[in-house]
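This report describes one protein chain, with its sequence and structure shown below. Please keep both in view while reading.

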Amino acid sequence: MAASATPRIAESDLVAVAFSGGIDSTALLHVATRSGARVLALHVHHGLQPQADDWAAHCEGVARELGADFACTRLSGSPGRGDSVEAWAREGRHRALHDMAVAAGADLLLLAHHRQDQAETFLLQAMRGAGTAGLAGMPRSQWRDGLCWARPWLDQPRGAIRAYAEREGLHWIEDPSNADVRYARNRLRQSLWPAFPSAEAGLAQAARWAQQAQALAAEVAQEDLARLSTPRRLDLAALVQLSSARASNALRAWLAPCTAAPASLIERLLTEWRAGTTLSWPAPGGQLHAYRDGLYWAAESAVAPLPSTVDLSRPGLHPQPGWGGAWLVEPASTGIAPARLARLTQQSRAGAEQFQHAPASTPRSLKKACQQVGLPPWRRGGPLLFDVEGHLVAVAGLGMDARAFADQDEMRLAVHWLDDSDLPQREGGTKSAA
Ligand SMILES: Nc1ncnc2c1ncn2[C@@H]1O[C@H](COP(=O)(O)OP(=O)(O)OP(=O)(O)O)[C@@H](O)[C@H]1O
């Protein structure tokens, strides 16, 4: 195996290698230790097989022999009844590899997946009816939670790695579960490769085409969404003007940060929606709402919090955990006296409230006031703020009640509601296979 197939690594860097003890990761560890970098071999003991203690000991011995440091985590617990053992093990392995690498100060983790693994992933995804995202298989590299997961041998034929391991006289573990035909990958492996020994390159190439198609689709979606949407609203009237493939592509991309929408939902939404209709569709983790020709996502909210007392008499951002947002208080020319904001009751909408949006207007029902400003029905629950005398002061999404405004000679503070989605976002991780 050519050392040039591994990423360039500076000698001072610490490189972590996910080391199962199998032939591929043994070869990768061997190449990594020869690169001159400081190498840390990371082993995960799944606690599933009787030989696992021996494997961990074998891995430690090999790592030390090759001059690498070694760390091992034993997963606790076991898969729940009916859970996939593979999925449980993969999730635990990812977490353990991440935690061990980060704790040691590494920001690069190498995995020994190769071309045949990629070819199998492509076929398994195809058999599940996956789209380009699934067919694209495993990425060569991907940053997740401060760690770069890299697969430097994704284009390397399996045979080349075996030849290298044999030439170098390496010792590795043969995991008997690789022959267990209860696992789909093993069944596929056992029937596919004897029948189509040279299909590895073609299937891996097909995965690369899918990666390209996926990248292209992502670019088109980004351009379309820049014109058609904000994080909160997707313009359905404009979306349906696109070709149907392009519309589902854009819709899928807009939904991705909110929910794992199945393909059937994307299709239903695009066929069922008609201009001017108000419709809702349940989706994993919440609901999609069509309102005034826009599409909105409403995450499943927990039960509305109980009434509470809040002090908004000082400028700043006042987060309201449980309500999904924060009150922003700022000095303003039109606003409410600080004393009145010192002891407010915050609660959800009861039903009979009246709201007055400007000094010269008349109070009207909250429902009418919401309709007037286009506040969609699922965002009308509150919170509402009342002063000590029970007078309405402000409503999330509507603003301040004009009857609470202070006189011109008093100090005034404006109160606005910001949903969590309006606040600066924290970075999140994505999932992939290892
Ligand atoms: N128990 C483990 N501990 C650490 N890393 C692992 C473990 N299992 C898998 N990996 C990493 O994920 C890669 C792919 O896993 P896979 O299950 O396909 O490999 P394997 O058959 O266990 O071993 P190998 O790929 O080394 O022959 C491995 O090459 C290795 O880098």
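## The C-terminal region

Helices (H or I, at least four residues) and strands (E, at least two) are DSSP runs, numbered from the N terminus. An unreviewed UniProt entry annotates residues 344–417 as "domain: Lysidine-tRNA(Ile) synthetase C-terminal". UniProt positions follow the numbering used here, feature names are shortened, and annotations may be inferred rather than shown by experiment.

The model is predicted: local features need pLDDT of at least 70, side-chain atom pairs count only at pLDDT 80 or more, and totals for chains, interfaces and linings use all residues. Residues are numbered from 1 along each chain as its sequence is written.

## A three-stranded sheet

Three strands form an open sheet in the order β12-β13-β20, with antiparallel pairing. β12 (316–320) and β20 (413–419) are at the edges and have a single partner strand each, so one side of each is left without a neighbour in the sheet. From one strand to the next, the twist averages 30 degrees. Axes are lines fitted to C-alpha atoms, for helices over the stretch in contact, and angles run from 0 to 180 degrees between N-to-C directions.

Strand β13 (residues 325–336) pairs with β20 in the antiparallel sense over eight bridges; two strands pair if DSSP finds at least two bridges between them. P331 stands opposite L413 in β20.

## Around the ligand

Which residues come nearest the ligand? Of the 18 residues around the ligand, they are S20, G22, D24, S25 and A112. A residue is near a molecule or strand if its C-beta atom, placed from the backbone, lies within 6 Å of it. α1 (23–34) and β2 (38–45) each supply at least two residues of this shell.
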